[in-house]
Amino acid sequence: MASTMLSLASVSPSASLSTHETPKGKVKLGSSFLSLNKGRNNLFAKTESFGRISMVAAVNVSKFEGVTMAPPDPILGVSEAFKASTNQSKLNLGVGAYRTEELQPYVLDVVKKAENLMIERGENKEYLPIEGLAAFNKVTAELLFGADNPVIKQQKVATVQGLSGTGSLRLAAALIERYFPGAKVLISSPTWGNHKNIFNDSRVPWSEYRYYDPKTVGLDFEGMISDIKAAPEGSFVLLHGCAHNPTGIDPTPDQWEKIADVIQEKNHIPFFDVAYQGFASGSLDTDAASVRLFAARGLELLVAQSYSKNLGLYAERIGAINVVCTSSDTATRVKSQLKRIARPMYSNPPVHGARIVANVVGDPTLFGEWKAEMEMMAGRIKNVRQKLYDNLTAKDKSGKDWSFILKQIGMFSFTGLNKAQTENMTNKWHVYMTKDGRISLAGLSLAKCEYLSDAIIDSYHNVS
Ligand code: PLA
């Protein structure tokens, strides 16, 4: 049904909206910017002017006509595709989410106990302060640095509860954009795909440093050091605290020292993403060693934390941003600015996950039980890793060395399969995985290892 409508929108730009063209084709509306695509997607371009009144030849044209289809997310889009599949053998090895041996989601016993405590105590649902739950902020910084760490004792850490790891990274990115204009963030090549989105959307420039060497299926340590050295002084260096995603390859303690040396030498600011504390080695302290090493040198640093994986609180969106400063006075000011960034973004964070973490970490009995459950989860992943390696080695008659799988740590294995091979994995074998060749071993069972080995061997040898 054709309909013609009269629009007053272009009677005169100043009569309807206070607008003007800026050099980048943006139209300023008050104090905000609206991007208008030129040409066919531009509603204004459909307007024909008849003196002071304009006719819009709009045939049920949506105001959102210019919105194009976004591509599926490279990681979470895999889960959507998995759900849509009706194949019986399908396996979701895309997102890093822990499953039981029966491939079911797992809610930790300590989480259920902490939730029961909340009900018993009759906790309310009042707003949290902008910076989050005080009890959570206290225990999360202590868990990361160790309660006896001088940075904690001297109150040099600005801790603000964030919307899990992602939201905490986003707060830090906004802080960098505001207080370090033009400063670059160095990210590893490869890295967790969302890092680039976070810095792009925060308008923080980034570039990559070498990290993974496909020849050795290991760390390109020389490349990493020389790229960090070559970066402009005072850059932020994003480091995965443990269980590097997607490669599963971490620097050795000795290499961490050398990374710290060059960061210190260049006056860079280390920026840790700790999304897997406890999940790499099974020990919370071991997995925090990299962060603690930098803090012990008296460096200022940023650390984003997540409880998605280690406490299985994926959907609760609980994490924190910690900024270690040289004095408690600076930390207080930094915290005030983080709050200022958070307030117009989401006002204040959700309480449920924060109470769970505060109850678990703050209670010695529950804390002990948590550590045992985390060891159990990390142990199951290690068993699956070993079984996958055993099956690949036994079944692949080509003599290919699959031992790199055993050298990788954490939830993932970086298989080295290329895009076409991963497509074969999905299209032929119904194994859902990311196109960079990463598989989440947390979503694999011992029973499915043989099937997965067949799929990998076929894709590896029969697809180029
Ligand atoms: N940082 C890294 C390195 C991650 O791998 C992830 C999650 C996060 C931060 C953020 O997680 P959070 O916001 O839930 O705390 N990476 C997952 C999920 C597990 C995802 O992509 O969102 C992954 O499959 O890579």
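The model is predicted: local features need pLDDT of at least 70, side-chain atom pairs count only at pLDDT 80 or more, and totals for chains, interfaces and linings use all residues. Residues are numbered from 1 along each chain as its sequence is written, and side-chain values use heavy atoms, with hydrogens and water left out.

**Exercise 1. The chain as a whole**

State how many helices and strands the protein chain has, and what share of its residues is buried.

Solution. 
- Step 1. Helices (H or I, at least four residues) and strands (E, at least two) are DSSP runs, numbered from the N terminus.
- Step 2. The protein chain has 17 helices and 18 strands.
- Step 3. Buried means under 20% relative accessible area, exposed over 50%, and partly exposed in between (1.4 Å probe, protein chains only).
- Step 4. Of the 464 residues in the protein chain, 50% are buried.

**Exercise 2. The ligand and its shell**

Find which residues come nearest to the ligand, and describe the shell around it.

Solution. 
- Step 1. A residue is near a molecule if one of its heavy atoms lies within 4 Å of it.
- Step 2. There are 16 residues around the ligand, and Ser164, Thr166, Asn245, Asp273 and Ser306 come nearest.
- Step 3. For the classes, Ala, Val, Leu, Ile, Met, Phe, Trp, Tyr, Cys and Pro count as nonpolar, Asp, Glu, Lys and Arg as charged, and the others, Gly among them, as polar. The shell then has 5 nonpolar, 7 polar and 4 charged residues.
- Step 4. Helix H6 (residues 164–179) gives the most to the shell, with 3 residues.
- Step 5. Domain 2 (74–106 + 372–462) and domain 3 (127–362) each supply at least three residues of the shell. These domain bounds come from an automatic or database domain assignment.

**Exercise 3. Atoms that meet the ligand**

List the distances from Gly96, Tyr276 and Ser306 to oxygen atoms of the ligand.

Solution. 
- Step 1. A backbone N or O atom of Gly96 is 2.8 Å from a ligand oxygen atom.
- Step 2. For Tyr276, an N or O atom in the side chain is 2.6 Å from an oxygen atom of the ligand.
- Step 3. A polar side-chain atom of Ser306 lies 2.6 Å from an oxygen atom of the ligand.
- Step 4. On its own the ligand has 530 Å² of accessible area, and the protein covers 92% of this. Accessible areas come from the Shrake-Rupley method with a 1.4 Å probe; for residues, only the protein chains shown count as cover.

**Exercise 4. Helix H11**

Explain why helix H11 (residues 289–296) is described as largely enclosed.

Solution. 
- Step 1. In H11, 6 of the 8 residues are buried, so the helix is largely enclosed by the rest of the structure.
- Step 2. The buried residues are Ser290, Val291, Arg292, Leu293, Phe294 and Ala295.
- Step 3. They pack against several elements, including helix H4 (134–145), helix H9 (253–265) and strand E13 (269–274).
- Step 4. Take Ser290 as an example: its relative accessibility is 4%, so Ser290 counts as buried.
- Step 5. Contact means heavy atoms within 4.5 Å. Leaving aside neighbours within four places in sequence, Ser290 is in contact with Gly241, Trp256 and Phe272.
- Step 6. The side chain of Ser290 reaches the backbone oxygen of Gly241 at 2.8 Å.

Note on methods
Polar contact = N/O pair within 3.5 Å; in protein donor to acceptor, adjacent residues only side chain to side chain.
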